[in-house]
Amino acid sequence: MALQGDRLNLLPLAKDIDTFSSQSGGERTGGGTMIEDLPCAAGPGSVINMMDDPRHKALRRLMAPGITRGRIAALEPILTVAARQAVVSALAKGEGDFVSDIVAELSLFAIAHLVGIPPEDRHPIYGWINAVLDYADRQLGQSSVSSQEGMQQFIAYAQRFVEQRRHAPGDDIVSLAIAGELSADLGRLTPTEQVMVFSVVMVAGLETTRNAIAGGILAFIQYPEQWQLLQREPARMNRALDIAYALQSPHRDARC
């Protein structure tokens, strides 16, 4: 009840973009939804989660056909096989890290398959994203040599991928973003916004999925009786996932 009440209280705030903007607002020289403000050229206004309505809503509608329930459901048997292979490979080593050996591999496979990333490109992309999001060698709001290099390589790949899709579109989210129109008065996405669609889908699809699965497993380790209950009553899965996400946010470096 508390969670539902909080959600209802937050809905009016989410619609009040003048006061609670995802893009900018007030005396901020930058903007965005990260803890630190980002320069306007680095995401605010061009990335879907750092964009206000009406452009935000129009972009969501444009991307929606690429992530329908039917499309996600069709991935389930493929992801089941991939998950088993990841576990078998990890067990064959005798020891390992659950997050990097299983969770990250599965998250990378899922989002790369959904977007259409060739298998040989997946792990380089994974390395670049990790370099961008890693704070081991820097403080929040700072950059490092590795994070700068990772960002440069990732954006360069994103630009090449978008250009390939422009000439040979598919039915993926990036192709929809390139070919479609937001609405009659908003027109098409700019080239920068098209690259940002690829970027946010890959980063969010990898990082938040990895953190969500890892956080869920940690919650079941901390509360083993809940894992036993779920095994007895698998119909509780959706509710269990909601609680697991509430216990540990999949995105730790963003404003809520």
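1. A salt bridge joins the side chains of Glu233 and Arg236, with 2.7 Å from N to O. Glu233 has 34% relative accessibility and so counts as partly exposed. Arg236, at 42% relative accessibility, is also partly exposed. Keep in mind that this is a predicted model, which applies to every point below.

2. The count of salt bridges comes to seven. One of them pairs Arg55 with Glu193, and the closest N and O atoms are 2.8 Å apart. Arg55 belongs to helix 2 (residues 55–63) and Glu193 to helix 8, so this pair ties together parts that are 138 residues apart in sequence. Is this pair buried or exposed? Both Arg55 and Glu193 are buried.

3. Another salt bridge is formed by Asp172 and Arg165, whose closest N and O atoms lie 2.9 Å apart. Asp172 is buried, and Arg165 is buried as well. Arg165 turns up again as a contact of Ser175. Ser175 sits in helix 7 (residues 173–179). Its relative accessibility is 3%, which is why Ser175 counts as buried; the cut-off for buried is under 20%. Leaving aside residues up to four places away in sequence, Ser175 touches Arg165, Pro169 and Gly170.

4. Now the overall layout. The protein has ten helices and two strands. In what order do they come along the sequence? The pattern reads α-α-α-α-α-α-α-β-β-α-α-α.

5. The protein has 256 residues, and 35% of them count as buried. Its accessible surface is about 15,500 Å², and carbon and sulfur atoms account for 58% of that area. Contacts can also be sorted by distance along the sequence. Among contacts between residues at least 6 apart in sequence, 64% join residues at least 24 apart.

6. Ile155 and Phe198 are 43 residues apart in sequence, while their C-alpha atoms are 9.3 Å apart in space. Ile155 is found in helix 6 (residues 145–167). With a relative accessible area of 22%, Ile155 is partly exposed, because buried requires a value under 20%.

7. Helix 3 covers residues 69–93, which makes 25 residues. From its first C-alpha to its last, helix 3 reaches 36 Å, close to the 36 Å expected at 1.5 Å a residue. Where does helix 3 bend? The bend is at Pro77 and amounts to about 35°. After helix 3 comes Gly94, which has a positive phi, near 90°.

8. Which residues of helix 3 are buried? They are Leu75, Ala82, Ala86 and Ala90. An α-helix has 3.6 residues a turn, so residues three or four places apart point the same way.

9. Helix 5 (residues 119–133) has 15 residues. Its reach from first C-alpha to last is 22 Å, close to the 21 Å expected at 1.5 Å a residue. The buried residues in helix 5 are Arg122, Ile125, Tyr126, Trp128, Ile129 and Ala131. What covers these buried residues? The cover includes helix 4, helix 6 and helix 8.

10. The last point concerns the surface. Phe98, Val99, Ile213, Ile217, Leu218 and Ile221 make a nonpolar surface patch of about 460 Å². Helix 4 and helix 8 (191–222) each supply at least two residues of this patch. Helix 8 gives the largest share, four residues. Leu218 is in helix 8, and its relative accessibility of 36% means that Leu218 counts as partly exposed.

Key:
Residues are numbered from 1 along each chain as its sequence is written. This is a predicted model: local features need pLDDT of at least 70, side-chain atom pairs count only at pLDDT 80 or more; totals for chains, interfaces and linings use all residues. Side-chain values use heavy atoms; hydrogens and water are left out. The expected span of a helix is 1.5 Å times one less than its number of residues. The bend at a residue is the angle between axes fitted to the seven residues ending there and the seven starting there. Buried means under 20% relative accessible area, exposed over 50%, partly exposed in between (1.4 Å probe, protein chains only). Patches are made of residues with over 30% relative accessible area and no salt bridge: like charges are joined within 9 Å, nonpolar side chains (Val, Leu, Ile, Met, Phe, Trp, Tyr) within 5 Å. Accessible areas come from the Shrake-Rupley method with a 1.4 Å probe; for residues, only the protein chains shown count as cover. A salt bridge is a side-chain nitrogen of Lys or Arg within 4 Å of a carboxyl oxygen of Asp or Glu. Contact means heavy atoms within 4.5 Å.
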